[in-house]
Amino acid sequence: STAFLNGEFLALEDAKVSVLDRGFLFSDSVYEVIPYYDGRGFGLDAHLQRLARSLDMLGIAHPCDMDGWRRILAELVEANGGGDLAVYLQITRGVPERRDHRITHDLTPTVVAFCQDRPPHDPAALTDGIAAVTQEDTRWHYCTIKSTSLLANVLAADAARAQGANEAIMVRDGAVLEGTSSNVFAVIDGQLVTPALRDTILPGITRGVVLDLAARDGVDHAEPETLTLDALRGASEIWVTSSIREIFPVTRLDGAPVGDGKPGPVWTQMQERLQAMTDE
Ligand code: PLP
């Protein structure tokens, strides 16, 4: 497949980055994963805005403006045949002359983008739902930055998988935050809830889309400051959302059924609305 590296389009296997790159040495970098449906980026502007915000929060220079990104990604998707893809875009702080914790502030950022297939979901994930487990959150506190410091996330996801679960839901001081690569929604006493945004939650693009759809559909919803694990255990529905998963119903939490153990009516409604949007 075709990749993009620092201004050039080239074969993915030829895209190589220096071992001195601060993204490699220190995870000093940010990224986005943008879903494409039939060659069109879904939520593209929101992803690019979040990217700009992540860069600003780390003080990394913007390699190009919104129009520049749109042009690069359009050309990349076209070179990869369009269709249903996930575009991965990463920007690192750049390559200093020597390894040094101290940040060199005038580096030229490294820009990498490539495409991966977005295979159709396992139908069972949508008919039966998925299993999730809860886990104490061991990540740093700046989860609102979409950085490539993902070791705690990948270890938590791997531990979930070892327990036969599709996702780990992270809990800090009794408060439910988000999944390892998803945001969390629940239906509790008939109300759709997702934890209010804070430093320890990534502002998911899909999360925003679902909240907009709920508002448009008149679904009673709230963003509580604290969603306790106890409250989550009493939910009639739980979902995880992300650009790749879209909305997955969670029907088993820590081995116990969620509600009646089947995907619920609010999920069905939001799922239909989201599918209509991505099919447009
Ligand atoms: N939270 C975390 C930690 C993530 O890594 C992701 C996406 O991978 C999400 C939430 C969902 O964000 P989005 O809907 O923008 O894909």
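Ala, Val, Leu, Ile, Met, Phe, Trp, Tyr, Cys and Pro count as nonpolar, Asp, Glu, Lys and Arg as charged, and the others, Gly among them, as polar. The model is predicted. Its chain is assigned domain 1 (2–117) and domain 2 (123–279).

**Ligand shell**
- The ligand is surrounded by 13 residues.
- Leu202, Gly204, Ile205, Thr206 and Ser243 are the closest of them.
- Two elements, helix 6 (205–216) and strand 13 (237–242), each supply at least two residues of this shell.
- Helix 6 gives the most, with 3 residues.

- The C-alpha centres of domain 1 and domain 2 are 26 Å apart.
- Domain 1 puts 20 residues into the contact, and domain 2 puts in 12 residues.
- On the side of domain 1 that touches domain 2, strand 3 (29–37), helix 2 (44–58) and strand 5 (85–92) are the elements that give two or more residues.
- Strand 3 provides the largest share of that side, 8 residues.
- By class, the residues on that side of domain 1 are 11 nonpolar, 7 polar and 2 charged.

**Helix 8**
- Helix 8 covers residues 265–279, which makes 15 residues.
- From first C-alpha to last, helix 8 reaches 21 Å, close to the 21 Å expected at 1.5 Å a residue.
- Val266, Trp267 and Met270 are the buried residues of helix 8.
- Seen down the helix axis, these buried residues fall within an arc of 95 degrees, so they line one face of helix 8.
- The face turned away from the buried side carries exposed residues: Pro265, Glu272, Gln275, Ala276 and Asp279.
- The cover over the buried residues of helix 8 includes strand 10 (183–188), strand 11 (191–193) and strand 14 (246–253).

**Gly81**
- Gly81 sits in the loop between helix 3 (66–79) and strand 5.
- Strand 5 also gives residues to the side of domain 1 that touches domain 2.
- Gly81 has 11 other C-beta atoms within 10 Å, so it is exposed; the cut-off for exposed is 12 or fewer.
- Gly81 and Glu272 are 191 residues apart along the chain, and their C-alpha atoms are separated by 27 Å.
- Glu272 is one of the exposed residues on the face of helix 8 turned away from its buried side.

Key
Residues numbered from 1 in each chain as written. Predicted model: local features only at pLDDT ≥ 70, side-chain atom pairs only at ≥ 80, totals over all residues. Domains from an automatic or database assignment. Contact = placed C-beta atoms within 7 Å. Helix = DSSP H or I, 4+ residues; strand = E, 2+ residues; numbered from the N terminus. Near = placed C-beta within 6 Å. Expected span 1.5 Å × (residues − 1). Buried ≥ 20, exposed ≤ 12 C-beta atoms within 10 Å, placed from the backbone. Arc of directions from axis to C-beta.
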